[in-house]
Amino acid sequence: MTLSKNLEKKIGKKIKRCQLLIEKDAGITFSDEPTKLIAICNAGLSTGLQQEALLKEALQHGTIQQVLFPPGKSYCFLQCSTITEADAIYTALNGLCTLGQDGAVLLLSFCNALPAYHDDPWNAGRPDGLILERDFIDETMEQALLEAVQISEDTDQPDTEPNKTLKHRKVKHFGYEFVYGSNNVDRTKPLERKIPSICGELWQKLQQLHPHLRWHVPDQLTVNQYEPGQGIPPHVDTHSAFDDPILSLSLGSDVVMEFKQPSSGKAVCVDLPSRSLLIMSGESRYDWTHGITPRKMDTIPAPNGGLTVRKRQLRVSLTFRKLLPNDQCGCTFARLCDTAQQSVSNQASLLASHAAQVEAQNVHRVYNEIAKHFSDTRHSPWPRVEAFVRSLSAGDVLLDVGCGNGKYLASSGCSVLLGCDRSEGLLQVCIERGFNVLQCDCLAVPFRDESVDACISIAVIHHLATNERRQQAISEMIRVLRPGGRALIYVWAKNQEANAKKSSYLRQNKQNNKPPAEDEAETPPDTQPVQLERVSGAGDCTLPVHTNRTQFQHQDLLVPWKLRSSESTEKATFLRYYHVFEEHELEKLCLASGGDSIALLESYYDQGNWCVLDQLRQLRLHVHALELELVDVQIGQDAVDPVQYRRLLAELGTDRLLVADERPVLLGQCVKLVVVPNVQIEQGLGQLIVLGKFVVV
């Protein structure tokens, strides 16, 4: 079938529009001449296009080397073996194949390169500890096992042990029932149906093949029967329930299983042939999820290179597990470990109940002890913070909450710069430098509402031990800001490497700047031993101690500061409490603190810190009745049309006076306003409005 000239012209216009969008989104260019690369411009994962269905159509006209489905996009790509085959596929499918959304025809175009997305899951290395034994059993043993674990309804089984049909498959349990949802078992309810004795032959063979594995005889078996089109969602078998390893024997049909590592985003496809045994141990058992996508065909590597599709048949899997005796996992892979997560939850509860004591002992006391040494290492302002301070107008009031040694209080000579801090030692440094500072807690700043034009809080909030206290500190800054005022907040980021570039914190460790040797095996961070210390002032609460100049592995932790005293050559170690922030965590905290009263002007990553710039929204006050009397008002010497000593008094239903940039001023007593140039005073529409800038004195 060929396209008419008129239809070909219409399709060409649609393709041009799609090309413009894809070029902007994926950063690729298109070609008017045939290439090996084809873009399907109007169908992808977001439109419901299935990779197997596309391959089934394309492989009729040529061989495919690679298929690329960018996540969440309405387009995808084919890499063909030759230009001739690509041209044949293009001619056969463009404007003719109805795999588009709601039966729309596919729109194809040649492109010059593929966009950079995830690695090919077929070429990625398998997770550590994942072993596939092909032809682990022969056909005779396969048939014997199928007869031993048959899934058809057993009339001789008690009602408490029936087979179950789940949404995506039929299941049968031996030893203990595997409870889906919790991925666990109820060890108080063993089943009468035990693992068939014929399975004993499997353990002998496995011990001979892999004597190095931690070995045990399984006591739980789950049998799954999958019809073509059925699958199982990605999951990890509960750490605290089952020992290592977990075994999966495939019977009846081949299938593709997908492994994903949540911490890295890596994905790996593993083809499981019939009669093969999959051994999941170590990292592959604890730190990767595994699942089977429900579909009727699998995309697999072709024997002669490229990709092909294979229809699924009826498949039965036998998953063998060994229960842990004490419901406690001792693995080093904390991200997916329920034991580790429960411990974190318990520690968080202890931390929350002793938050003030933790901060007093592990923040305030420490900074008083190390104040001089800390100040000596904190002399260079961060450029973006200094630029913010210098951007203030003459007469603006800035409050530095947690000012430390005051390195930002010398950044502007035209604004009023004030600082506050909890540490007496650091405040003494500020006083010696002639800065205007006071001692206070950032949870209760002794400034009246709406009294400053700008706030900064640099590397402070991450020292607060609970989310509620961090939110309270931000609320205090919002409270003292005038409408239209801005706040800049910096906190330490958990991720110390952005856009493949290490932060200055990591680069101070010379080892981090060396390229790894080709034959040097790098130890994954999650497998490194973690030092735990009891937190001063928090009872039984323990937190991990961070290794300085390395990537963070935990959010709540203790960071060492080493100080050499004048009387000793040995360094004393002080542990400071930190909560390092995940991406977007600070933004959510600001919005929760300020609600609708603030706007997030900017959020960015700056040298290992997450940063937000907030602005207090403009507030309008509507007054329906107004009577005026005189109050002292002084116009600056260079003001337009100067007026000396006018008296204005507003007797309002509220105790506020609306002014130029809509910042309210309390009128509890006589208020003197120093008004700067280009000021007009107007009375109209039932409001008193002073147009221009002012400061209250």
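A residue counts as buried when its relative accessible area is under 20%. The structure described here is a predicted model.

**Aromatic pairs**

Under the ring-pairing criterion, in which centres lie within 6.5 Å, the model contains 14 aromatic pairs. Two of them are set out below.

| Pair | Centre to centre | Angle between planes | Arrangement |
|---|---|---|---|
| Tyr90 and Phe110 | 4.7 Å | 25° | stacked |
| Trp492 and Phe552 | 4.9 Å | 80° | edge-to-face |

Tyr90 belongs to helix α3 (residues 83-93) and Phe110 to strand β5 (residues 108-111), so their pairing ties together parts that are 20 residues apart in sequence. Phe110 is buried, at 5% relative accessibility, whereas Tyr90, at 23%, is partly exposed.

Together with Tyr505 and Tyr578, Trp492 and Phe552 form one aromatic cluster.

**Charges over rings**

The charged end of Lys205 is placed over the ring of Phe136, 5.0 Å from its centre. That of Lys407 sits over the ring of Trp382, at 5.2 Å from the ring centre.

**Helix α5**

Helix α5 spans residues 200-209, and its buried residues include Leu202, Trp203 and Leu206. These three lie on the same side of α5, because they cover an arc of only 95° around the axis. Glu201, Gln204 and Gln208 are exposed on the other side. The buried residues of α5 pack against α4 (139-148), β13 (246-251), β16 (277-280) and β20 (315-321).

Key: Residues are numbered from 1 along each chain as its sequence is written. This is a predicted model: local features need pLDDT of at least 70, side-chain atom pairs count only at pLDDT 80 or more; totals for chains, interfaces and linings use all residues. Side-chain values use heavy atoms; hydrogens and water are left out. Buried means under 20% relative accessible area, exposed over 50%, partly exposed in between (1.4 Å probe, protein chains only). Helices (H or I, at least four residues) and strands (E, at least two) are DSSP runs, numbered from the N terminus. The arc is that of the directions from the helix axis to the C-beta atoms. Contact means heavy atoms within 4.5 Å. Rings of Phe, Tyr and Trp (its six-membered ring) pair if their centres lie within 6.5 Å; planes under 30 degrees apart count as stacked, over 60 as edge-to-face and the rest as tilted. A charge sits over a ring if NZ of Lys or CZ of Arg is within 6 Å of the ring centre and within 35 degrees of the ring normal.
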